[in-house]
Amino acid sequence: MIDEDKTGNVEDTVSRRHFFAKLGLGSLGIAAAGTAAFAYQFLEPNVLYEPSPVVNAGKPDRYPLDSVTLDVNSGIYIIHSQEGYFSLSAVCTHLGCLTAWKPELGIIACPCHGSRFKQDGEKIEGPAPRPLPWKRIWLNDDGDLLVDRSTDVPPLQRDSFVRV
Amino acid sequence: MAKTVDQYFDGLRGTRVWRSIFRSGTGSSTLKRALAIQQNVFLHLFSTKVRTRMLSFSATWYLGTLTLGTFFILVATGIPLMFYYHPSVPQAYADTKDLQFVVSSGLFLRNLHRWSAHAMVFLVFAHMFKVFYRGAYRTPREFNWVIGVVLLLITLLLSYTGYLLPWDQLAYWAITVGSNIASAVPLMGNKIRFLMLGGNAVNANALLRFYVLHCMILPLAAMFFVAIHFWRIRKDGGLYSHASEPETVRAKAAMGDASAKEAQ
């Protein structure tokens with residue numbers, strides 16, 4: 001606060017008490033902000049003990065032609081079609097339930113809210129907002145099929161299949 | 001002219017929201033200041049009036065308050081540590097190592113928890129010595145001394161149960177030795193040890209039991225007895241002050257009468 005007295009002299013009127021009150025409140029504010037940053041950093045894990053997104057699906061000859069195989073543990077389908085092998089996420093795009101292959105109907109169906117998908121992931125009906133995404137699939141040096149669950153690939157493209 | 005900090009607070013205290021939470025209202029009359037203590041759920045355990053000299057360092061060395069302070073630090077650091085600790089045999093030691101080396105600020109929180117635990121045990125003993133040598137345990141405060149002994153035991157049990165949780169060699173053998181000491185109780189010693197460990201050896205059940213005791217049962221028991229401990233201070237006539245004790249006052253009055261008679 002700068003006050004001007006009658007003679008025109010500028011006088012600094014910040015009292016000692018006022019100064020220390022502001023200093024104290026300011027320090028508390030800084031400490032509170034620091035605590036918030038500290039808590040955020042602490043709560044964000046630096047190391048995760050989660051399964052790798054890359055799944056080994058074994059040798060291609062495990063999957064007969066025109067078959068759809070669900071791996072329940074990793075939540076993916078390995079599909080051996082005429083065009084080659086491809087992999088589909090088995091997790092419904094609606095609310096994350098695990099879908100199932102219905103061989104008698106030739107469709108993929110979600111047990112939770114009735115979404116149905118074609119063998120290539122395209123939605124037939126139900127509340128699912130998007131088709132089931134395709135996952136990157138390739139052969140490693142040992143001849144095993146590997147699927148990267150963290151990488152989506154465009155459906156039905158040449159590069160999205162593996163041919164053996 | 002800019003508002004001062006005080007004026008901001010006065011404005012805040014006048015708002016309807018503030019008045020709905022703190023009902024006593026503003027004002028510095030004796031009544032208002034007493035109501036501010038008496039109508040607050042946390043503060044109503046304490047006396048509405050305290051002798052000024054009892055607030056000086058020399059009166060108590062603040063040992064009880066400092067003990068409470070370490071307890072608050074232990075709660076505030078212990079809860080975040082629980083976010084990263086699994087009380088299971090395969091994970092407990094690895095989680096402790098992760099807290100030391102991987103988790104952001106985990107080392108700081110763990111060390112603060114450990115040092116505060118040591119400080120709390122020290123301060124509890126210091127507090128008890130101070131109370132003992134001042135004679136503050138005597139009538140009418142003898143029951144509060146008993147509650148203090150219970151709180152000492154809870155503090156030591158918290159230390160002991162926390163000791164096992166890192167699940168390292170030190171912890172394992174310390175609890176092995178400690179539980180064997182418990183089995184020295186006549187007649188039911190082995191039963192006590194069996195119940196304490198949840199089995200015949202320090203293993204998964206013992207780890208889980210000590211974890212539940214350390215994080216739930218003992219802290220809740222401590223809070224329960226601390227509340228009684230503080231409430232009893234008010235009920236027993238405030239903090240012990242020799243000059244204000246009824247006996248001292250009576251003796252002084254008698255002396256005063258005697259000297260007054262002599263003067264006649």
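## Chain A at a glance

R17(A) counts as exposed because it has 11 C-beta neighbours inside 10 Å; the cut-offs are 12 or fewer for exposed, 20 or more for buried and partly exposed in between, with C-beta atoms placed from the backbone. Please keep in mind that this is a predicted model, where local features need pLDDT of at least 70, side-chain atom pairs count only at pLDDT 80 or more, and totals for chains, interfaces and linings use all residues. Residues are numbered from 1 along each chain as its sequence is written, while chains are lettered from A and ligands numbered from 1 in the order in which they are written.

**Secondary structure**
- Chain A holds 1 helix and 12 strands, counted as DSSP runs (helices H or I, at least four residues; strands E, at least two).
- Starting at the N terminus, the order is β-β-α-β-β-β-β-β-β-β-β-β-β.
- R17(A) sits in helix α1, which covers residues 16-43.

**Overall dimensions**
- The radius of gyration of chain A is 30 Å, whereas a compact globule of 164 residues would come near 15 Å (C-alpha atoms; rule of 2.2 Å times the number of residues to the power 0.38).
- Along the principal axes, the C-alpha atoms fill a box of roughly 100 × 40 × 25 Å.

**Domains and burial**
- Domain 1 spans 2-43 and domain 2 spans 54-160, with bounds from an automatic or database domain assignment.
- The centres of these two domains, taken over C-alpha atoms, are 61 Å apart.
- Of the 164 residues in chain A, 19% are buried.
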